[in-house]
Amino acid sequence: MSERPERHRDPVDAIVGQWAAVRPDLDTAAMEVFGRIHRLSRAMGDRIEKAYARYGISRGEFDVLATLRRSGEPYTLSPRQLSATLMLTTGGMTGRLDKLERAGLLRRSPDPHDRRGLQVTLTGRGLELVDEAVGTGLAVQTEALSALEEEKADQLAALLRELLAATER
């Protein structure tokens, strides 16, 4: 009979072990999954934030620029559309738009179809910056994911898609 290689223990294993010692009646399987997802999200968020800082933007500001970029030419959306896509309050969105507009990465102008509305448009400089930053961010993510074989990475993506769909019902 072959021995299984000892797996790497992480902080979640320690937490689960502590719970097992004081509450052996608990089923901590969900804690093992979501504890790791949470820690991974924080660690990658920090790495991505550092990557975008090179461009003078935060992760949240990148999200605004990327949303405009993904909308296609003319890279224009209303503040309300941006807020809805990014799940932000209008106040939170206004702060991001103010900073990005001061940096010359986007511009706000009256909406020609709604006298009360505004539209937000990516500038040429904003387009160049977001195209560079997305490549940098993807490189950071790809490097981290390279710890898994391609088949395992595909399997993980599929499992997470399934779990996310179940939690969004």
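**View 1. The buried face of helix α3 in this predicted model.** Let's start inside α3, whose buried residues are G60, E61, F62, V64, L65, A66, T67 and L68. The model shown here and in the other views is a predicted one. Helix α3 has 12 residues. From the first C-alpha of α3 to the last, the helix reaches 16 Å, close to the 16 Å expected at 1.5 Å a residue.

View 2. Is E61 buried or exposed? Its relative accessibility is 7%, and because buried means under 20%, E61 counts as buried. Once neighbours within four places in sequence are left aside, the contacts of E61 are G56, R96, K99 and L100.

**View 3. The largest nonpolar core.** This core holds 25 residues, and those touching the most other members are I57, V64, L65, L68, L82 and L106. Two or more residues come from each of α2, α3, α4 (79–86), α5 (90–102), β3 (114–122) and α6. Which element gives the largest share of this core? It is α3, with five residues. For a closer look, pick V64: leaving out residues up to four places away in sequence, V64 touches L82, L86, M93, R96, L97, L100 and L106.

**View 4. Helix α2 and its packing partners.** Helix α2 covers residues 29–53, which makes 25 residues. The distance from its first C-alpha to its last is 36 Å, close to the 36 Å expected at 1.5 Å a residue. If you are looking for the buried residues of α2, they are M44, G45, I48, A51 and Y52. What do these buried residues of α2 pack against? They pack against α3 (59–70) and α6 (124–145).

**View 5. The backbone after α3.** Several backbone details are worth a look in this stretch. Following α3 is G72, with a positive phi near 85°. Next, look at the peptide bond joining E73 and P74: this bond is cis, with omega about 10°. P74 is found in the loop between α3 and β1 (76–77). Y75 lies in that loop between α3 and β1 too. The phi of Y75 is near 60°, a positive value in a residue other than glycine. With a relative accessibility of 13%, Y75 counts as buried, because the cut-off for buried is under 20%.

**View 6. M87, a positive phi in an exposed residue.** Here the loop between α4 and α5 is the setting, and M87 is found in it. Although M87 is not a glycine, its phi is positive, about 55°. Is M87 buried or exposed? At 76% relative accessibility, M87 counts as exposed, because exposed means over 50%.

View 7. T121 counts as buried at 7% relative accessibility, whereas D114 is partly exposed, with a relative accessible area of 31%. What does T121 touch? Not counting residues up to four places away in sequence, T121 touches P74, Y75, T76, L106 and R107. Two C-alpha separations complete the view. T121 and L105 are 16 residues apart along the chain, with their C-alpha atoms separated by 8.7 Å. For D114 and T85, 29 residues apart along the chain, the C-alpha atoms are separated by 20 Å.

Definitions and conventions. Residues numbered from 1 in each chain as written. Predicted model: local features only at pLDDT ≥ 70, side-chain atom pairs only at ≥ 80, totals over all residues. Heavy atoms only, no water. Helix = DSSP H or I, 4+ residues; strand = E, 2+ residues; numbered from the N terminus. Expected span 1.5 Å × (residues − 1). Buried < 20%, exposed > 50% of the residue type's maximum accessible area, 1.4 Å probe, protein only. Contact = heavy atoms within 4.5 Å. Core = buried A, V, L, I, M, F, W, Y, C linked by side-chain atoms within 4.5 Å.
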